[in-house]
Amino acid sequence: MFQIPNVVHKLSRMGRSTCEKGGAIRWRIAPLLAFFLLGGVTNTYAYREFEVNPFFGARYGGRIDLNQQGNPSADYLKIKNGENYGVLTDITIWRNLQGEFIWNRQPTSLTTHNPVDGTYTFLSKMKLDSYLFGVTYQFRESEKKVRPFAGMLFGWSHYGAPPINGQPVLNFTNRAAFNVAGGMKYFFNRNFGIRTEVRWAPSDSSTKVTGLCNSLGGLTPCTKYNSINQWQANIGLIFRLK
């Protein structure tokens, strides 16, 4: 049987191995760690509830940094604010704790910012998709009509910008992402309700070189990811099976 102590032992070995190689555990491996932890919990506690939540809302913010791309007339790409939609699925794994998956799409566009004169120029349409796994904690008992919640999810974002004249708009497509969420559920009855929430939704984007790093006994350029910081406000229906 897959138990939590075995999972913790495996994760500790993984952490020691990473440190011995001179690296650091990045938050991008958190989905794998969450999978092991949730697997151990669900094997110990039978789930009690399953929820499906189609939603829609608005998504704000987001800039893709271009400062190290060598183009003096473009320092960043602006992601247009707009609507977003998707679906959430939740499964109770232990008391008030749920495992959660979200697929989220923002139909948007990219505009280029010119630092010389401060103007914006339309570049391309884009579909920004997010696929995230994590946990959500619900406050109050399951029988209550109103249940506040908070959660954290990890996964990746897909930047779906079509090529222009056969050339890619971005030099990347998939990047690590995470969400921090909070909101409220209201249940009209045992199987039906409504969910409102706010999410902080950062994603990695372009890369940058920041100094030198010690790697395998020598100094090499350090490459790090820039981030886009977005916010979401969503509302949706809840269909619950108990």
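Me: Strands here are DSSP runs (E, at least two residues; helices are H or I, at least four), numbered from the N terminus. So where does Met152 sit?
Reply: This is a predicted model, where local features need pLDDT of at least 70, side-chain atom pairs count only at pLDDT 80 or more, and totals for chains, interfaces and linings use all residues. Residues are numbered from 1 along each chain as its sequence is written, and side-chain values use heavy atoms, with hydrogens and water left out. On that numbering, Met152 falls within residues 146–160, the stretch that makes up strand β7.

Me: Is Met152 buried or exposed, or in between?
Reply: Buried means under 20% relative accessible area, exposed means over 50%, and partly exposed is in between (1.4 Å probe, protein chains only). Met152 has 39% relative accessibility, so the label is partly exposed.

Me: What kind of pair do Phe101 and Phe133 form?
Reply: Rings of Phe, Tyr and Trp (its six-membered ring) pair if their centres lie within 6.5 Å; planes under 30 degrees apart are stacked, over 60 edge-to-face, and the rest tilted. A search of the whole structure turns up twelve aromatic pairs. For Phe101 and Phe133, the centres are 4.8 Å apart and the planes make 40°, and the pair is tilted.

Me: How many residues apart in sequence are the parts tied together by Phe101 and Phe133?
Reply: Phe101 is partly exposed because its relative accessibility is 25%, and Phe133 is partly exposed at 39%. Phe101 belongs to strand β5 (residues 97–113) and Phe133 to strand β6 (residues 120–138), so the parts they tie together are separated in sequence by 32 residues.

Me: Which ring does the charged end of Arg240 sit over?
Reply: A charge counts as over a ring if NZ of Lys or CZ of Arg is within 6 Å of the ring centre and within 35 degrees of the ring normal. For Arg240, the charged end is 3.8 Å from the centre of the ring, and that ring belongs to Phe187.

Me: And how far apart in sequence are the parts that Glu49 and Arg240 tie together?
Reply: A salt bridge needs a side-chain nitrogen of Lys or Arg within 4 Å of a carboxyl oxygen of Asp or Glu. Glu49 and Arg240 make one at 3.8 Å, N to O, and both residues are buried. Glu49 is in the loop between α2 (30–44) and β1 (50–60), while Arg240 is in strand β10 (residues 218–241), so the separation is 191 residues.
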